[in-house]
Amino acid sequence: MFADLLKRLVSPEPAQLPDPDARLALTALLVRVARSDNDYAEAEIDRIDRILVKRYELSPFEAAHLRGQAEVLEEQAPDTVRFTRAIKDAVPYEERSAVVEALWAVVLADGTRDEEEDALIRLVANLLGINDRDSALARQRVEARS
């Protein structure tokens, strides 16, 4: 299952991903950002699950299951640049813009912003086609809700 998805993500011209694969790929990106500071905190795991429950209308059990699959995919996924560019090509812009906000929610979940997380979000947002200003606005929206 993961091998096929990874193959499609890194193909020269990725096609639009079917919804289950897009969910899995985007969740893996959330996991990658959460792990970027080498502290995959319980608060970040909880935030990912809550994002999945709300975004995809999943039960807490279904969200935890999807996150578990995404953790495996994230470990097997190619470098962040290739992985994120593939997501950009396969996921509509509106979805990518919302993903940056979700990424900030995960980064801010444990109450600290590390340089590694900031750098990764800056890279990922840019690769997703989201400019620094819109990424900063997304971060501010998340901070205002917290």
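Biologist: Hi! Which residues does Trp104 touch, leaving out those up to four places away in sequence?
Modeller: In this predicted model, Trp104 touches Arg113, Asp118, Ile121, Ser135, Ala138, Arg139 and Val142 once residues up to four places away in sequence are left out.

Biologist: And which helix holds Trp104, and is Trp104 buried or exposed there?
Modeller: Trp104 is one of the buried residues of H6.

Biologist: How many residues does H6 have, and how far does H6 reach?
Modeller: H6 has 16 residues and reaches 23 Å from its first C-alpha to its last. That is close to the 22 Å expected at 1.5 Å a residue.

Biologist: Ile121 and Ala125, which helix is that, and which of its residues are buried?
Modeller: Both are buried residues of H7, along with Glu117, Asp118, Leu120, Val124 and Leu127.

Biologist: What span should H7 have at 1.5 Å a residue?
Modeller: The 13 residues of H7 should span 18 Å, and the end C-alpha atoms are 18 Å apart, which agrees.

Biologist: What follows H7?
Modeller: Gly129 follows H7, and its phi is positive, near 85°.

Biologist: Let's zoom out. How many helices and strands are there in the protein?
Modeller: Eight helices and zero strands. From the N terminus on, the elements run α-α-α-α-α-α-α-α.

Biologist: How much of the protein counts as buried?
Modeller: Of its 146 residues, 49% count as buried.

Biologist: And what share of the contacts with a separation of 6 or more comes from residues 24 or more positions apart?
Modeller: Those residues account for 74% of such contacts in the protein.

Biologist: How many residues are in the largest nonpolar core, and which have the most contacts inside it?
Modeller: The largest nonpolar core has 39 residues. Leu29, Ile87, Leu103, Trp104 and Leu128 are those with the most contacts inside it.

Biologist: Which elements give two or more residues to this core?
Modeller: Helices H2 (19-35), H3 (42-56), H4 (60-76), H5 (80-90), H6 (93-108), H7 (115-127) and H8 (132-145) do.

Biologist: Okay, H2 and H4. How do their axes cross?
Modeller: The axes come within 8 Å and cross at roughly 70°. H2 and H4 are therefore roughly perpendicular to each other.

Biologist: Which residues make that contact?
Modeller: From H2, Arg23, Leu24, Ala25, Thr27, Ala28, Val31, Arg32 and Arg35 take part. From H4, the residues are Leu66, Arg67, Gln69, Ala70, Glu71, Leu73, Glu74 and Glu75.

Biologist: What does that look like by class?
Modeller: The contact of H2 with H4 has seven nonpolar, two polar and seven charged residues.

Biologist: Which residues of H4 are buried?
Modeller: Ala63, Leu66, Arg67, Ala70, Glu71, Leu73 and Glu74. H4 itself has 17 residues and reaches 25 Å from first C-alpha to last, close to the 24 Å expected at 1.5 Å a residue.

Biologist: Now Ile51. Where does Ile51 lie, and what does Ile51 touch?
Modeller: Ile51 lies in helix H3 and is buried, with a relative accessible area of 14%. Not counting residues up to four places away in sequence, Ile51 touches Leu30, Tyr56, Ala102, Ala105 and Val106.

Biologist: How far apart are Ile51 and Leu103?
Modeller: They are 52 residues apart in sequence and 9.8 Å apart in space, C-alpha to C-alpha.

Biologist: Last topic, backbone angles. Which way does phi usually go?
Modeller: Most residues other than glycine have a negative phi. Asn38 is not a glycine, yet has a positive phi of about 60°. Glu57, also not a glycine, has a positive phi of about 55°.

Biologist: Where are Asn38 and Glu57?
Modeller: Asn38 is in the loop between H2 and H3, and Glu57 is in the loop between H3 and H4. Asn38 is exposed, with a relative accessible area of 76%, and Glu57 is exposed, with 72%.

Methods. Residues are numbered from 1 along each chain as its sequence is written. This is a predicted model: local features need pLDDT of at least 70, side-chain atom pairs count only at pLDDT 80 or more; totals for chains, interfaces and linings use all residues. Side-chain values use heavy atoms; hydrogens and water are left out. A nonpolar core is a set of buried Ala, Val, Leu, Ile, Met, Phe, Trp, Tyr and Cys residues joined through side-chain atoms within 4.5 Å. Buried means under 20% relative accessible area, exposed over 50%, partly exposed in between (1.4 Å probe, protein chains only). Helices (H or I, at least four residues) and strands (E, at least two) are DSSP runs, numbered from the N terminus. Contact means heavy atoms within 4.5 Å. Axes are lines fitted to C-alpha atoms, for helices over the stretch in contact, and angles run from 0 to 180 degrees between N-to-C directions. Angles under 35 degrees count as roughly parallel, over 145 as roughly antiparallel, 65 to 115 as roughly perpendicular and the rest as oblique. Ala, Val, Leu, Ile, Met, Phe, Trp, Tyr, Cys and Pro count as nonpolar, Asp, Glu, Lys and Arg as charged, and the others, Gly among them, as polar. The expected span of a helix is 1.5 Å times one less than its number of residues.
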